[in-house]
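Subject: Structure handover

Hello,

Here is the structure for you to look over. My notes come after it.

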Amino acid sequence: MALYRCCDGDWERLSMSRKIQTEDLQKFLDYAALFLSNIGNYFVRLRRPKVRAWNASGYPAAGELLNRVMEPMFQLPPNSLGHPGPFTQTRYCLGADCLASSEDVASISKLMEDLSIHPENTRLRRYRASGRDSYDILQASVVESKFICNTGDELSTNGKRIQLIRGDHKDELEQICQSLRQSINYASNPAQQLLLRKSMDSFLVGDLELYKNAQKIWVIDKAPSVETVIGFIEPYRDPLGIRAEFEGIVGIPDPTATETLRKLASVADKFVFKLPWVEGNGGRKGPFEKELFDPPDFSSVQSKIN
């Protein structure tokens, strides 16, 4: 970013002044784009002398920053996501020192399971209270409330006080719910209206069972003119692989590509009979295929993710 400001985004001029090849320029920009998209380290074939050459170009601010980040930038491990260790790293913020004790995190996960608290829309906050470690389970919702989760049963959580606090990301979810409420008037059918209502109810109170029910409706809404998915869906960066990030996806089906997929689905049964465990099986499909093929609802969409 410092280099960008120094050269006003004219990378070609900067590379020519330092006699840096186009291929090395592209590798550097690829690395920068990948890093900035997820604030993590990535394997891109960069070479130290080439990177140093960028900063030996009369830009002291960029050179000073490079000296601070050069070593971690070229450090190979950790090279994958997971619980922090010699070969894994995470940028997912559970809270200060929340990953310091695997035992605590495991016991909290078990307590949440016993209380039917789904983890996808939660995060943890660790702190000291009354001379002992305590944890808050912060649940995303518009409605605010709090209660102690393990009253009288602190042995199961290693003596830690665990509290559920609803209302995390309240302001953002309140705006989302207002938009969903308005969008109900523009839904194409009653199923889509119910989907929007249940999604909104889930964001209001933080109950992911309501969200799961909404997703069941979403699955049976066949071939909508606009595809939408919104909610705490994918655990992209959670080292434990369970807590999800909020995302919204809007997809517009491509009619030509979708029609091609539907034609393929319509003749899929013929291809099934050419599989090695089906062919020559007396007209039956064998142990691995359903006798009645139910073609899926194929759509080829162009999507926008926020």
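Below is what was found, from the overall picture down to single residues.

This is a predicted model, in which local features need pLDDT of at least 70, side-chain atom pairs count only at pLDDT 80 or more, and totals for chains, interfaces and linings use all residues. Residues are numbered from 1 along each chain as its sequence is written, and side-chain values use heavy atoms, with hydrogens and water left out.

Confidence first. pLDDT is the predictor's confidence in each residue, from 0 to 100. The protein chain averages 81. A score of at least 70 is reached by 83% of the residues. Among the elements, helix α7 (residues 170-183) has the highest mean pLDDT, 95. Strand β9 (residues 301-305) has the lowest, 62.

Now the overall make-up. The protein chain has eleven helices and nine strands. Both are DSSP runs numbered from the N terminus: helices are H or I with at least four residues, strands E with at least two. Of the 306 residues, 34% count as buried. Buried means under 20% relative accessible area, exposed over 50%, and partly exposed in between (1.4 Å probe, protein chains only). The accessible surface comes to about 18,900 Å², by the Shrake-Rupley method with a 1.4 Å probe. Carbon and sulfur atoms hold 56% of that surface. Among contacts (heavy atoms within 4.5 Å) between residues at least 6 apart in sequence, 53% join residues at least 24 apart.

Next, the cores. A nonpolar core is a set of buried Ala, Val, Leu, Ile, Met, Phe, Trp, Tyr and Cys residues joined through side-chain atoms within 4.5 Å. The largest has 16 residues. Leu3, Trp11, Leu46 and Val51 touch the most other members. Helices α1 (2-7), α2 (11-17), α3 (22-38) and α5 (60-74) each give two or more residues to this core. α5 gives the most, with five. Another core, of 14 residues, lies apart from it and includes Cys177, Leu196, Phe203 and Phe232.

Then the hairpin. Strands β3 (residues 122-129) and β4 (residues 132-140) pair in the antiparallel sense over eight bridges. Pairing here requires that DSSP finds at least two bridges between the strands. Two residues sit between β3 and β4. Ser130, in the turn, has a positive phi of about 55°. Arg126 stands opposite Tyr135 in β4.

Two loop residues also have positive phi without being glycine. Asp8 has phi near 55° and sits in the loop between α1 and α2. Asp8 is exposed, at 67% relative accessible area. Ser116 has phi near 60° and sits in the loop between α6 (102-114) and β3. Ser116 is exposed too, at 58%.

Finally, two helix residues. Ser15 is in helix α2. Ser15 counts as buried because its relative accessibility is 5%. A polar atom of the Ser15 side chain lies 2.9 Å from the backbone oxygen of Glu12. Lys170 lies in helix α7. Lys170 is partly exposed, with a relative accessible area of 25%. Leaving aside neighbours within four places in sequence, Lys170 is in contact with Ser141, Val142 and Glu144. The C-alpha atoms of Lys170 and Phe203 are separated by 9.1 Å, with the two residues 33 apart along the chain.

Best wishes

Note on methods. A polar contact is a pair of N or O atoms within 3.5 Å; within protein, one must be able to donate a hydrogen and the other to accept it, and residues adjacent in sequence count only if both atoms are side-chain atoms.
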